[in-house]
Amino acid sequence: IWLHAPSVGEGLQARAVLDALQRHHPDLQSAYTHFSPSAEGLAGSMPSDVATYLPWDIPRVVGGVLDAVAPDLVVFTKTEVWPVLIEESVRRGIPVAMVGAALPPGAGRTRPLARAFLRPTWERLSALGAISEADADGFRSLGVPPAAVHVTGDPGIDSAAQRARSADPDAPHLAPFIHDRRPTVVAGSTWPADEAVLLPALDEVRARVAGLRVILAPHEPAAEHVKELVRRFSDGGWRTETLGEVEERGSVANVDAVVVDRVGVLAHLYTVGDVAYVGGGFHDAGLHSVLEPAAARLPVVFGPKHQNARAAADLLECEGAEEGAAAGALAD
């Protein structure tokens, strides 16, 4: 099987599907490709025989890869389809599927020019697993054969649940918080636009909640940004350390704010929190995943720009999340 997932979020969905396939077929061989450089780290941990960038979507290149890999099935994840890869697969008798398929309102693929250009591509799909009935209807309207469309739910939820279950309470980045419990807000994947609203909100919460602790994981933990966040917390009277310093000491005693200075641990850090803030809701790039904190059983708070996130709307509907458009609303 050849699985393609453009970036990290889609890659986690693909991994959940791949894990399930391997449980049913232990002898399965797999190739995983991605498009975004942000997925390089995930590619290194993907349980596949091959993990690399997607080849250029031109017949000579993609055809050669298909002949070399000779997959029995090509699978796309969530959103991204590549017309030449699909055309060359079908020409060789290789079925093509999509999993975790989502079609949010206003998606570029629904515009007239994209519909016309991609319709032959959608018509070639042998199977599509949509995350909801509304998405299924949307893909049928794009040209996916109705008999090929099934509502299967979102494999990203399975992936998030597995990451929450795999958290090791004895790990150096978790044990100090477990042994020194305090009311804890875990703020994940924040951008400067988030932090400009979030930090004043946290100051207000601190005045109302005794012993409050914050774990803040910026989306891009570059050294200078981490240093700036430590300074801003310290200037506000928070006793502040980086996660690396907490791990080195083996303790979080007398620390009010912890700035996470590396990637790859956020999903597990949610498991030591009491409430989560998820970043991305104060700029136009969109909200980051709310699935990890939800899988860790935390109520979730985020900013107003979350229209790109189906899971955020679901959490709001079931009262598992709240939106705050300003510092005071976030604090409440």
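How many bridges pair β5 with strand β6 (residues 127-130), and in which sense? I found three bridges, in the parallel sense.

**Basis.** I worked on a predicted model, in which local features need pLDDT of at least 70, side-chain atom pairs count only at pLDDT 80 or more, and totals for chains, interfaces and linings use all residues. Residues are numbered from 1 along each chain as its sequence is written, and side-chain values use heavy atoms, with hydrogens and water left out. I took helices (H or I, at least four residues) and strands (E, at least two) as DSSP runs numbered from the N terminus. I counted two strands as paired if DSSP finds at least two bridges between them.

**Sheet.** I traced an open sheet of seven strands with parallel pairing, in the order β3-β2-β1-β4-β5-β6-β7. Its edge strands, β3 (50-53) and β7 (149-151), each pair on one side only. I noted that strand β2 (residues 31-34) is joined to β3 by four bridges, and that T33 has T52 of β3 as its bridge partner.

**Around β5.** I recorded four bridges between β4 and β5, again parallel, with T77 partnered by V99 in β5. From β4 the chain passes through α4 to β5 in a right-handed β-α-β crossover (with the strands pointing away from the viewer, the path from the first strand over the helix to the second runs clockwise). On the β6 side, A101 stands opposite A130. I also listed β5, helix α5 (residues 112-123) and β6 as a right-handed β-α-β unit. Six of the six residues of β5 are buried (under 20% relative accessible area; exposed is over 50%, partly exposed in between; 1.4 Å probe, protein chains only).

**S89.** I located S89 in helix α4 (residues 83-91). Is S89 buried or exposed? S89 is buried, with a relative accessible area of 0%. Leaving aside neighbours within four places in sequence, I found S89 in contact (heavy atoms within 4.5 Å) with L66, V74, I94 and V96.

**Cores.** Of its 29 residues, F177, L269 and Y270 touch the most other members. Elements that each supply at least two residues of this core include β9 (213-218) and α14 (310-317). Beyond its neighbours within four places in sequence, F177 is in contact with R213, I215, L243, V252, V258, L269 and V272. I noted a second, separate core of 27 residues, with V74, V96, V144 and A148 among them.

Methods
Core = buried A, V, L, I, M, F, W, Y, C linked by side-chain atoms within 4.5 Å.
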